[in-house]
Amino acid sequence: MSADAPETFLTQDAYDRLVNELEYLSTTGREEIAKRIEAAREEGDLKENGGYHAAKDEQGKQEARIRTLTSFLKDAKVGKAPESSGVVESGTVITAIVAGGEEVFLLGNREIAANSELDVYSEASPLGAAIMGQREGAKTSYTAPNGRDIPVEIIKVETYTGQ
């Protein structure tokens, strides 16, 4: 694991889905974009060729996604969600009172819950950082980007089951 990238928990299903996406983008996806760029190039003047510029823009986005997935998968911890022991950690589902309202969310990366209705908060977000390592019943707070202090009470910490 690289020193600057945090380890991220992924279920086996999420890992497999992301590996398949990376494989597609790195092979077939690149070939398709290259064909579109070449076809647009043949249309003539590149300065005023909207199809060419759109394909180049899409190519840039695709290459960025490939870099992101490569880095993300290299540092991912794959397996079952951590068994809940009442302590907030990456890959757990949290029920909390946040700013007076009850919220249920997954702490981790949005890639874990791609097919889920759960909201996802990163461990590095202000909320995630404030609750990481806290136990059920703990009360804490975090500072919102607008400078406001937001109270948080952890009601329940559960094992993520994939839904």
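Modeller: Gladly! Helices and strands here are DSSP runs, with helices being H or I of at least four residues and strands E of at least two, numbered from the N terminus. This is a predicted model, where local features need pLDDT of at least 70 and side-chain atom pairs count only at pLDDT 80 or more, while totals for chains, interfaces and linings use all residues. Residues are numbered from 1 along each chain as its sequence is written, and side-chain values use heavy atoms, leaving out hydrogens and water.

Rings of Phe, Tyr and Trp (its six-membered ring) pair if their centres lie within 6.5 Å; planes under 30 degrees apart count as stacked, over 60 as edge-to-face and the rest as tilted. By this rule, the count is one aromatic pair. The partners are Phe105 and Tyr121: their ring centres are 4.8 Å apart and their planes stand at 80°, so the pair is edge-to-face. Phe105 belongs to strand E4 (residues 101-107) and Tyr121 to strand E5 (residues 119-121), so the pair ties together parts that are 16 residues apart in sequence.

Ala99 sits in the loop between strand E3 (92-98) and E4. Its phi is near 55°, a positive value in a residue other than glycine. Ala99 is partly exposed, with 43% relative accessibility.

Now for the wider setting. The protein chain has three helices and seven strands, and read along the sequence they follow the pattern β-α-α-β-β-β-β-α-β-β. The domain assignment, whose bounds come from an automatic or database source, gives domain 1 (9-78) and domain 2 (81-159). The C-alpha centres of domain 1 and domain 2 lie 32 Å apart. Eight residues from domain 1 and nine residues from domain 2 make up the contact, with contact meaning heavy atoms within 4.5 Å.

UniProt, in an unreviewed entry, lists "domain: Transcription elongation factor GreA/GreB N-terminal" at residues 9-78. Over residues 9-78 the chain is 79% helix and 7% strand, with the end C-alpha atoms 6 Å apart. The record, again unreviewed, places "domain: Transcription elongation factor GreA/GreB C-terminal" at residues 85-158. Residues 85-158 are 8% helix and 43% strand, and their end C-alpha atoms lie 8 Å apart. UniProt positions are given in the numbering used here, feature names are shortened, and annotations may be inferred rather than shown by experiment.

For a look inside the helical part, take Leu22 in helix H1 (residues 12-41). Leu22 is buried, at 17% relative accessible area. Setting aside residues up to four places away in sequence, Leu22 touches Ile66, Leu69, Thr70 and Leu73. Leu22 and Thr70 are 48 residues apart along the chain, yet their C-alpha atoms are separated by 7.4 Å.

Strand E6 (residues 139-143) holds Thr140, and Thr143 is in strand E6 as well. Thr140 is partly exposed at 22%, and so is Thr143 at 48%. Beyond its neighbours within four places in sequence, Thr140 is in contact with Ala130, Ile131, Ile150, Pro151 and Val152. The C-alpha atoms of Thr140 and Pro151, eleven residues apart along the chain, are 6.0 Å from each other. With residues up to four places away left out, Thr143 touches Pro126, Arg148 and Asp149. From Thr143 to Tyr24 the C-alpha distance is 41 Å, across 119 residues of sequence.

Finally, the overall form. The C-alpha atoms fill a box of roughly 65 × 35 × 30 Å along the principal axes. Of the 163 residues, 36% count as buried.

Methods. Buried means under 20% relative accessible area, exposed over 50%, partly exposed in between (1.4 Å probe, protein chains only).
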